[in-house]
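Student: Could you take a close look at one part for me, the place where the ligand sits? I'd like the surroundings described in one go, please.

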Amino acid sequence: MLVEKNVSLQPYNTFGIVARAHALVRVRQPDDLLAVAELLAAQRRQIALSPRQRVAPELEPLVLGGGSNIVLTGDVRKLVLKIEIPGRRLVSEDEHGYLIEAGAGEKWHDFVAWTLEQGWPGLENLALIPGTVGAAPVQNIGAYGVELQDRFHSLDAIDLWTGQPLRLNASQCAFGYRDSVFKHHPPHLPDVAGRDSPSSPTLLAAGMGLAGRAVITRVRFWLPKPWKPVLGYADLERQMQTSGIHQPDARQIFDWVVEVRQQKLPNPQEIGNAGSFFKNPTVSPEQCDDIIAREPRIVHYPMPDGSIKLAAGWLIDACGWKGKSMGQAGVYPRQALVLVNLGKGEHSATGGEVMTLAKAIQTSVYERYGIRLEPEPVVV
Ligand SMILES: Cc1cc2nc3c(=O)[nH]c(=O)nc-3n(C[C@H](O)[C@H](O)[C@H](O)COP(=O)(O)OP(=O)(O)OC[C@H]3O[C@@H](n4cnc5c(N)ncnc54)[C@H](O)[C@@H]3O)c2cc1C
């Protein structure tokens with residue numbers, strides 16, 4: 001296991017925040033994680049922890065994919081595991097669909113493009129989302145009416161507490177809106193002999209958190225036949241109207257999604273950002289009626305469970321934040337949901353500036369609408 005010391009993380013986070021990793025290991029195959037698990041086990045023995053107990057958060061490693069959904073608030077003292085596991089393949093095909101597998105280190109957008117080139121449609125609505133395949137299940141990525149869970153089959157991971165391999169299906173991943181079991185930390189389990197092993201299917205099915213503990217190494221996708229387009233989104237409907245193409249194929253939808261995203265979102269290579277900074281909040285119909293009475297134009301969507309989802313970007317814009325800045329952190333003028341790095345290189349925004357701006361936005365939305373906005377990226 002090669003441990004690189006004092007590594008700049010600025011090229012490895014799309015916000016472009018200046019920070020260093022004290023120690024970084026590049027994971028190029030799942031077995032590389034076994035050496036990491038051994039190292040962590042030695043650490044556990046030193047502090048007399050059993051494999052069932054969680055170490056202090058600052059000792060947990062930081063798993064890093066493409067760094068497009070994190071905010072670094074300073075140098076990282078944890079061991080950084082940079083996931084670079086390659087590989088894409090068709091596992092099987094039958095009359096019902098295609099089963100496809102990709103290594104966790106593959107770039108998500110390149111993987112989507114590749115599936116279409118092979119003639120396996122189904123992921124086109126998720127085009128141009130930055131990051132890696134391995135991180136896609138972590139927040140159940142979603143865009144233009146499709147979520148990862150709609151095309152997910154299963155994944156492989158390594159449990160860093162025990163060194164054991166895990167295979168998880170969709171229900172064990174506990175997918176939700178920008179959420180999964182990988183976003184929640186494991187509880188401290190008392191070390192009672194005879195208890196379920198922490199990686200037992202029973203505990204996983206009970207929604208036990210796996211953040212900082214399970215590293216995803218491979219993900220499998222099920223792309224069903226016959227392919228059906230998902231076109232309900234206003235932006236895609238608009239593309240159909242203007243182009244006059246009313247029965248687009250998957251490649252056409254891919255191209256439209258890329259075009260719309262390029263118009264709406266800043267390219268992280270030019271302006272540092274982590275995409276949507278806040279999740280869209282959900283409220284009860286009564287709360288929504290109350291807000292509509294004051295703000296008849298508020299953008300809202302009814303959800304299947306009866307709750308109402310509000311557009312966080314609309315709320316932020318209504319509080320006057322579009323185009324505002326604090327230090328080198330700013331609110332993107334074309335989309336209030338996106339916070340951006342107004343600086344570059346050494347003069348970049350710091351994680352502290354980004355979080356100060358985020359907190360000021362949260363406070364003003366709460367004071368005006370009584371709604372607490374929750375950040376989408378992981379704050380490290
Ligand atoms: C311009 C822009 C647009 C975006 N648009 C969207 C969008 O439309 N929809 C959407 O859902 N998201 C969007 N995002 C957010 C982001 O791209 C996704 O969340 C993406 O999946 C993050 O991938 P990553 O490899 O960069 O993860 P990272 O930022 O490196 O990591 C994110 C989290 O996942 C964990 N993680 C990463 N890899 C693994 C692994 N192999 N095993 C276990 N844990 C892991 C990390 O520890 C961290 O907690 C956007 C971001 C940007 C910058």
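Tutor: Here's a walk around the ligand, then on to the sheet and a few backbone details. Bear in mind that this is a predicted model, where local features need pLDDT of at least 70, side-chain atom pairs count only at pLDDT 80 or more, and totals for chains, interfaces and linings use all residues. Residues are numbered from 1 along each chain as its sequence is written, and side-chain values use heavy atoms, with hydrogens and water left out.

There are 33 residues around the ligand, and Val-63, Gly-65, Gly-66, Ser-68 and Thr-132 come nearest (a residue is near if one of its heavy atoms lies within 4 Å). By type, the shell splits into 18 nonpolar, 13 polar and 2 charged residues; Ala, Val, Leu, Ile, Met, Phe, Trp, Tyr, Cys and Pro count as nonpolar, Asp, Glu, Lys and Arg as charged, and the others, Gly among them, as polar.

Now for the N and O atom pairs within 3.5 Å. A backbone N or O atom of Asn-69 sits 2.7 Å from a ligand oxygen, and a polar backbone atom of Gly-142 is 2.8 Å from a ligand nitrogen. Arg-178 brings in a polar side-chain atom, 3.5 Å from an oxygen of the ligand. On its own the ligand has 980 Å² of accessible area, and the protein covers 93% of that (Shrake-Rupley, 1.4 Å probe). The elements giving two or more residues to the shell are β3 (62-64), β8, β12 and β13 (272-276), where strands are DSSP E runs of at least two residues and helices are H or I runs of at least four, numbered from the N terminus.

β12 also belongs to an open sheet of 5 strands, ordered β6-β7-β12-β10-β11 with antiparallel pairing; two strands pair if DSSP finds at least two bridges between them. β6 (88-94) and β11 (165-169) are the edge strands with a single partner each, so one side of each has no neighbour in the sheet. Strand β10 (residues 152-159) is joined to β11 by 5 bridges, and Asp-156 stands opposite Arg-167 in β11.

The peptide bond between Lys-225 and Pro-226 is cis, with omega about -10 degrees. Leu-128, in the loop between α2 (108-117) and β8 (142-143), has a positive phi near 65 degrees. For context, most residues other than glycine have a negative phi, and most peptide bonds are trans.

Technical notes
A polar contact is a pair of N or O atoms within 3.5 Å; within protein, one must be able to donate a hydrogen and the other to accept it, and residues adjacent in sequence count only if both atoms are side-chain atoms.
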